[in-house]
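Subject: Structure handover

Hi,

Here is the structure I promised to pass on.

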Amino acid sequence: QVQLVESGGGLVQAGGSLRLSCAASGIIFSINVMGWYRQAPGKQRELVATITSGGSTNYADSVKGRFTISRDNAKNTVPLRMNSLKPEDTAVYYCNADRIRTPFTQLYDYWGQGTQVTVSS
């Protein structure tokens with residue numbers, strides 16, 4: 001059974017930094033795209049950043065230049081480094097994995113349980 005487990009959320013002052021990490025566990029051959037999304041209270045879930053197995057990245061305009069996504073394909077982990085945090089970055093951050101190849105099937109649009117990030121002004 002595949003699971004995505006996030007870690008690293010917390011409370012930080014504006015201008016500070018946090019590092020989130022997500023690890024996919026289970027018997028996994030490959031994962032096409034991994035990424036991070038976030039959902040603030042009363043708002044829809046939105047893209048933060050994604051990264052393909054080949055290393056191509058995509059960022060939301062609101063985080064470009066401040067957040068950096070990376071990936072370890074061998075360990076199936078996807079860290080997100082967040083610098084210069086703003087109060088508007090406050091949200092629950094969710095890890096996502098799409099097209100997970102296992103010995104038995106392919107899994108699409110898989111989500112972690114989320115981790116809270118709170119930025120105080």
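This is a predicted model: local features need pLDDT of at least 70, side-chain atom pairs count only at pLDDT 80 or more; totals for chains, interfaces and linings use all residues.

Let me start with a strand pairing: Val33 has Thr52 in E5 as its bridge partner. Residues are numbered from 1 along each chain as its sequence is written, and side-chain values use heavy atoms, with hydrogens and water left out.

Strands E4 (residues 30-39) and E5 (residues 46-52) run antiparallel and are joined by 6 bridges; two strands pair if DSSP finds at least two bridges between them. They form a hairpin with 6 residues between them, and Gly42 in the turn has a positive phi of about 75 degrees.

E5 also pairs with strand E6 (residues 57-59), again antiparallel, over 3 bridges. Here Thr50 is opposite Asn58 in E6. This hairpin has 4 residues between the strands, and Gly55 has a positive phi near 100 degrees.

Now to a loop residue: Asn83 sits between strand E8 (80-82) and strand E9 (91-101). Beyond its neighbours within four places in sequence, Asn83 is in contact (heavy atoms within 4.5 Å) with Gly16, Ser17, Arg66 and Phe67. Ser17 is 66 residues from Asn83 in sequence, yet their C-alpha atoms are 4.4 Å apart.

Enjoy exploring!

Note on methods
Helices (H or I, at least four residues) and strands (E, at least two) are DSSP runs, numbered from the N terminus.
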